[in-house]
Amino acid sequence: MNKTFKIDIDRKKIEAIRCYLPDGNVEQLLHEEITKAANSAVDKLYNRNVPKKVQEFLRKTSEQKAVRKKKEDMPDE
């Protein structure tokens, strides 16, 4: 699922980072850090709010889907 969020970023700080990473792709690095932070926030909310039995059910069904997919992708012998 892709979701768009509006984040207010201090442009002066971005420009300062750019000065110290002149060869780096600041936008890509920023994207990576924001993605890590968002994933961490989702994990915390998930673990805190979704009942453990539901988490276990979702984990098991995900594993079952992965096994079925792997079998489907295997060439017939």
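Modeller: One term before we start: a pocket here is an open set of grid points with protein on both sides within 12 Å along at least five of seven lines, and lining residues have an atom within 4 Å of a point. Also, this is a predicted model.

Colleague: Fine. Which residues line the largest pocket?

Modeller: The lining is made up of Met1, Asn2, Lys3, Phe5, Ile7, Glu27, His31, Ile34, Thr35, Ala38, Asn39 and Val42. By type, that lining divides into 6 nonpolar, 4 polar and 2 charged residues.

Colleague: And how much space lies in that pocket?

Modeller: About 540 Å³.

Colleague: Switching to helices. At what angle do α1 and α2 cross?

Modeller: Roughly 115 degrees. Helix α1 covers residues 11-20 and helix α2 covers residues 26-49, and their axes come within 10 Å.

Colleague: Left-handed or right-handed?

Modeller: The crossing of α1 and α2 is right-handed. On the α1 side the contact is made by Ile14, Ile17 and Arg18, and on the α2 side by Val26, Glu27 and Leu30.

Colleague: What types of residue are those?

Modeller: The contact of α1 with α2 has 4 nonpolar residues, 2 charged and no polar ones.

Colleague: Charges, then. How many salt bridges are there?

Modeller: The count comes to 8. One of them joins Glu15 and Arg18, with the closest N and O atoms 3.5 Å apart.

Colleague: How are Glu15 and Arg18 placed along helix α1?

Modeller: Glu15 and Arg18 are 3 residues apart in helix α1, so about one helical turn separates them. In general, side chains of opposite charge can pair when their charged atoms come close.

How values were computed: Residues numbered from 1 in each chain as written. Predicted model: local features only at pLDDT ≥ 70, side-chain atom pairs only at ≥ 80, totals over all residues. Heavy atoms only, no water. Axes fitted to C-alpha atoms, helices over the stretch in contact; angles between N-to-C directions. Helix = DSSP H or I, 4+ residues; strand = E, 2+ residues; numbered from the N terminus. Left-handed = near helix turned anticlockwise from the far one by under 90°. Contact = heavy atoms within 4.5 Å. Nonpolar A, V, L, I, M, F, W, Y, C, P; charged D, E, K, R; others polar. 1 Å grid on protein atoms, 1.4 Å probe; cavity = no way out; pocket = protein on both sides within 12 Å on 5 of 7 lines; lining within 4 Å. Points joined across faces, edges and corners; volume = space filled by probe spheres on them. Salt bridge = Lys/Arg side-chain N within 4 Å of Asp/Glu carboxyl O.
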